[in-house]
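Here are my notes for a colleague who is new to this entry. Please read them with the model open beside you.

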Amino acid sequence: MSLQMVTVGNNIALIQPGFSLMNFDGQVFFFGQKGWPKRSCPTGVFHFDVKHNHLKLKPAVFSKDSCYLPPLRYPATCTFKGNLESENHQYIIHGGKTPNNELSDKIYIMSVVCKNNKKVTFRCTEKDLVGDVPEGRYGHSIDVVYSRGKSVGVLFGGRSYIPSAQRTTEKWNSVADCLPHVFLVDFEFGCSTSYILPELQDGLSFHVSIARNDTVYILGGHSLANNIRPANLYRIRVDLPLGSPAVNCTVTPRGISVSSAILTQISNDEFVIIGGYQLENQKRMVCNIISFEDNKMEIREMETPDWTPDIKHSKIWFGSDMGNGTIFLGIPGDNKQVVSEAFYFYMLKCAEDDVNEDQKTVTNSQTSTEDPGDSTPFEDSEEFCFSAEANSFDGDDEFDTYNEDDEEDESETGYWITCCPTCDVDINTWVPFYSTELNKPAMIYCSHGDGHWVHAQCMDLAESTLIHLSEGSNKYYCNEHVEIARALQTPKRVLPLKKPPLKSLHKKGSGKIITPAKKSFLRRLFD
């Protein structure tokens, strides 16, 4: 495993807990920003462009026949193919929270309709359901299983608001476990059927699900009603004969007691589970690898990544699965810093570069629950998800740049940069230099040109000077640009000499008139 810090070049405030990532043919797209989309990107979907550990968000385009897709956070997502041999796939999106804290009960289908010069155009369609329609929820899972040449969606778990009759002002945003029903959804005809299985007694949220052929495996999860994280493995098998579907479930105690864990696939038969929470206030730092051989499933511990002190000490973490064994992970920033970011981001690669792209198994894990502002710090809503290789994006000019002038000032920067030719700040060897630093170097903003960040220590700033500059609004210029700034300074304005009006040259009461010749002489004298 390799862990690298990622800097975000623009619009870092859009990336907050609850987002999802979608991978179409190696290109990753960001969905589920916090807040409603703004006019600079009305679709709310961005190309997730990562190059040399630097991330840029570039607006995506939708076809004219697309429906509106709200920025849903914490939805259930999965990929869907017409059959196991199909190369093209779509993304199914169900549930999630809107920016108004309402829960969606709609199903959206995302597909690519045009890919020209690496610029992708999406089509989004809303699927109406009939029958046993699942209520709006979040923190659940949706997967697609294949049986007898047919396919069907399997929806399970999640949380929803308490019934409207029980909602009061004090409990308006209180949530409860959804009933432990299994829903089969026919995406072609829009039919939904609910099944009650005796093996499923408790509602579960923020579990991990793996779909293989006609079976969905469910691991972990959290039950609000009992406040437990059962170490069970639920195996839900779906048979699709010509008549009514047959659904059965088996339970074994060979699972993992964890909630909000992240699943990523590293090969056709191997998956990796990262992180999560083993207790309400304790992250789970152990990693597991899941292997399938025939119909047997094996779970074993594996070597953990070299977690940074930031990750180890953070109370929450979040992210999304990009596909093919790479994970995008975020943790809260340190507000004790002189210059602080809301979140720090990392990429964790769990697979080798030659991962098989033709993976036939679909994986899914919920992307989060609540965001930190809506819940207690350790609730399972603080979930994260992970994803795959995002280092093969070329052609910056093929994408429009998100216009930050239309948004609030969201200028952020990364600490681990080369700020000047003599910069020697290294993420692996850096130690605090100023008393105001805790786990990140102090930085100061140079106002030359478009502006850039430099390390205060590299600029030989005294701590008193650093604090003074951080508290005021004065412009600062780094050592490299200070001479240029001085050369461009405007000279001080010199006040012109006052010229007395000519009429003052006439002496009052003298009765003498100054002749035109004298006036001309006096003008030359005073000029």
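1. **His455.** Strand β33 (residues 452-455) holds His455. Strands here are DSSP runs of E of at least two residues, and helices are runs of H or I of at least four, both numbered from the N terminus. His455 is buried, at 1% relative accessibility. Buried means under 20% relative accessible area, exposed means over 50%, and partly exposed lies in between, with a 1.4 Å probe and protein chains only. Beyond residues up to four places away in sequence, His455 touches Tyr415, Ile417, Cys419, Cys423, Val425, Pro441, Ala442 and Met443. Contact means heavy atoms within 4.5 Å.

2. **Basis of the model.** This is a predicted model, in which local features need pLDDT of at least 70 and side-chain atom pairs count only at pLDDT 80 or more, while totals for chains, interfaces and linings use all residues. Residues are numbered from 1 along each chain as its sequence is written, and side-chain values use heavy atoms, with hydrogens and water left out.

3. **The annotated site.** Which residues does UniProt mark as "binding site"? The unreviewed entry lists Cys419, Cys423, His455 and Cys458. They are spread over 40 residues of sequence, yet they cluster in space, with a largest C-alpha distance of 8.0 Å. UniProt positions follow the numbering used here, feature names are shortened, and annotations may be inferred rather than shown by experiment.

4. **Cys423.** This residue sits in the loop between β31 (362-365) and β32 (443-446). Is Cys423 buried or exposed? Cys423 counts as buried, at 16% relative accessibility. Leaving out residues up to four places away in sequence, Cys423 touches Ile417, Thr418, His455 and Cys458.

5. **The nonpolar cores.** A nonpolar core is a set of buried Ala, Val, Leu, Ile, Met, Phe, Trp, Tyr and Cys residues joined through side-chain atoms within 4.5 Å. The largest has 42 residues, and Ile274, Trp307, Ile311, Met459, Leu461 and Tyr476 touch the most other members. Elements that each supply at least two residues include β1 (2-8), β23 (270-274), β33 and α2 (463-471). Apart from this core lies another, of 21 residues, among them Val6, Val28, Phe46 and Phe343.

6. **Met459.** Not counting residues up to four places away in sequence, Met459 touches Cys419, Cys420, Val454, Tyr476, Cys478 and Asn479.

7. **Cysteines.** How many disulfides are there? The count is 0, where a disulfide is a pair of cysteine sulfur atoms within 2.5 Å. For Cys287, the nearest cysteine sulfur is that of Cys350, 7.2 Å away. Cys287 is buried, with a relative accessible area of 0%. Cys78 is buried too, at 1%.

8. **Strand β4.** Of the 7 residues of β4 (residues 45-51), 6 are buried, so the strand is largely enclosed by the rest of the structure. Strand β3 (residues 27-31) runs antiparallel to β4, joined by 3 bridges. Two strands pair if DSSP finds at least two bridges between them. Phe31 stands opposite Val45. β4 also pairs in the antiparallel sense with β5 (residues 54-59), over 6 bridges. Here Lys51 faces His54. The hairpin of β4 and β5 has 2 residues between the strands, and His52 takes a positive phi near 50 degrees.

9. **A five-stranded sheet.** An open sheet of 5 strands runs in the order β11-β17-β16-β13-β12, with mixed pairing. β11 (130-131) and β12 (141-147) stand at the edges with a single partner strand each, so one side of each has no neighbour in the sheet. β16 (residues 181-186) and β17 (residues 191-196) pair in the antiparallel sense over 6 bridges. His181 stands opposite Ile196 in β17.

10. **Gly157.** The loop between β13 (150-156) and β14 (159-161) contains Gly157. Gly157 is buried, at 1% relative accessibility.

11. **Whole chain.** The protein chain has 4 helices and 33 strands. Buried residues make up 52% of its 527 residues.
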